[in-house]
Amino acid sequence: MLNHNLFVTLRQHFPADLDACAIETADGPGAPLYYSWRDLDRASARIANLLESLDLPPASRVAVQTEKSVEALILYLAVLRAGHVYLPLNTAYQAAEIEYFIGNAEPAVFVTTQKNFTWVSRIAFAAGTTHVFTLNEDRTGTLLDRAAFQADEHTPAFKESDELAAILYTSGTTGRSKGAMLSHRNLASNAQVLKHYWRWQAGDVLIHALPIFHVHGLFVASHGALLNGSKMIWLAKYDPKAVLARLPEATVFMGVPTLYVRLLAENGLDRAACRNMRLFISGSAPLLIETFTDWQQRTGHTILERYGMSETIMLTSNPCDPADGERRGGTVGFPLPGVGLRIRDDAGQDLPAGEIGGIQVHGPNVFAGYWRMPEKTKEEFTDDGWFKTGDVGQRDADGYVTIVGRSKDLIITGGYNVYPAEVEGFINDMPGVAESAVIGVPHPDFGEGVVAVVVPKAGMSLDGVAIVAELKSKIANFKVPKQVFVVPELPRNTMGKVQKNLLREQHRGLFA
Ligand code: AMP
């Protein structure tokens, strides 16, 4: 029987010369470090053997909150290899958030940093997690110490295609995060489609400058290079100067729009710097048309914009090969091969070209549902099995898809999602606060900047700066409002709903 373990698929595409360089670090302790394909194979075997030695129940969740490092990527490969379920967590998450994820996912293993070990292990052990390891940026920590005693050969666990490979948490508008369950088939099929559609070829070199706790950096970028046997130039931190310095050696770059904006601010960005580049890809948030055209003028390259989400991995893409069509700025291109996409109104009727409605999708890349949330899962799928993305968009007569908004008021800042309801929950819990509304307004660098409008309880006064300081100790920095306005009341419609559109309008020039 065929083993559908994603690791097996990735491993099959390692190049014949296992001593060739798979990853070269461009920053971080000890850089440059060189990892061969054999290193990736052996190091992931050791960690997979360590996981097996722990006698975990099958398909245990392995939660990981570490800084970006090659070892963290190897850990991901090892979890796949051992047949467990990888659960990456944003490095910015604080105790209240981690407590929720651990309670919901019940990981058997948690990998954290030495810096966070004390508070993370307290939460994890209290919730029944049996093993907490550390993994630091400088390749120290108990995970690698323990793995060093393991054999460097390992037979990948047998997996059916629909078995779970990873859980990605995406916050919900109600404030509760939902774990998107992705199978080996979801991940493998999408990676194969992208390999073909983006024309990955011999000699490609990827600059990997994205975080690896998110669909973009972990799946789209890493799988792309691994499945093509391509070298990665690995940046743990995003630094436009460092990216620019390595561009002449690279052929493929993937970034969120903010990264492109920051690169454009560098004087050295020109045609010469991009002379070997084949493909610039953007996604995770809307790419402004100015960025698209500025990039064309400065570099001679047309950015390829694509669209996807944690629940589905990639859904649409502008063409790579000119034979498939031109890359159109402001659009996210066509549904990828194998992806069904339809645009429907609230009554469930299909809409013709040019009309705006809710985007629904299906295909081998679409997740099975939310972890331990059957009700939520049911709500998000139609009766005939299509996933309601929550994005609002349209398709033009040529078939190009454009995203016009988000039905759920999601804020995307610097490529990260912020769900207003979650931040509002933390603000509303503060003494003296009656209610609050969190919105996103245009921001030249981050796409959107988070802003809070807060109403004090009668007779109380509030200090916006103190609210920001308090939030910083509780939630990830990217979710903390850049500005807090204290107002006597929030605008409401006749149904009693807060009119966030009015607030957005009122503050839209804030960061201009
Ligand atoms: P995440 O699950 O964090 O990847 O966030 C997914 C959401 O990001 C999608 O539902 C979209 O709202 C948004 N998104 C992703 N790519 C694009 C894009 N190219 N243009 C506009 N929005 C995008």
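**Helix packing and cysteines in the predicted model**

Helices α10 and α11 are oblique to each other, a class that takes in the angles left over once those under 35 degrees (roughly parallel), over 145 (roughly antiparallel) and 65 to 115 (roughly perpendicular) are set aside. The model is predicted, with local features requiring pLDDT of at least 70 and side-chain atom pairs counted only at pLDDT 80 or more, while totals for chains, interfaces and linings use all residues. Residues are numbered from 1 along each chain as its sequence is written, and side-chain values use heavy atoms, with hydrogens and water left out.

Helix α10 spans residues 257–264 and helix α11 residues 289–299; they pack at an angle of about 45 degrees, with axes 10 Å apart. Helices are DSSP runs (H or I, at least four residues), numbered from the N terminus. Axes are lines fitted to C-alpha atoms over the stretch in contact, and angles run from 0 to 180 degrees between N-to-C directions. The contact (heavy atoms within 4.5 Å) involves Y260, V261, L263 and L264 of α10 and T291, D294, W295 and R298 of α11. By class, five of the residues in this contact are nonpolar, one is polar and two are charged.

The count of disulfides is zero, a disulfide being a pair of cysteine sulfur atoms within 2.5 Å. C274 takes part in none, the nearest cysteine sulfur, that of C320, being 16 Å away. For C320, the closest cysteine sulfur is that of C274, and the distance of 16 Å is too far for a bond.

Technical notes. Helices (H or I, at least four residues) and strands (E, at least two) are DSSP runs, numbered from the N terminus. Ala, Val, Leu, Ile, Met, Phe, Trp, Tyr, Cys and Pro count as nonpolar, Asp, Glu, Lys and Arg as charged, and the others, Gly among them, as polar.
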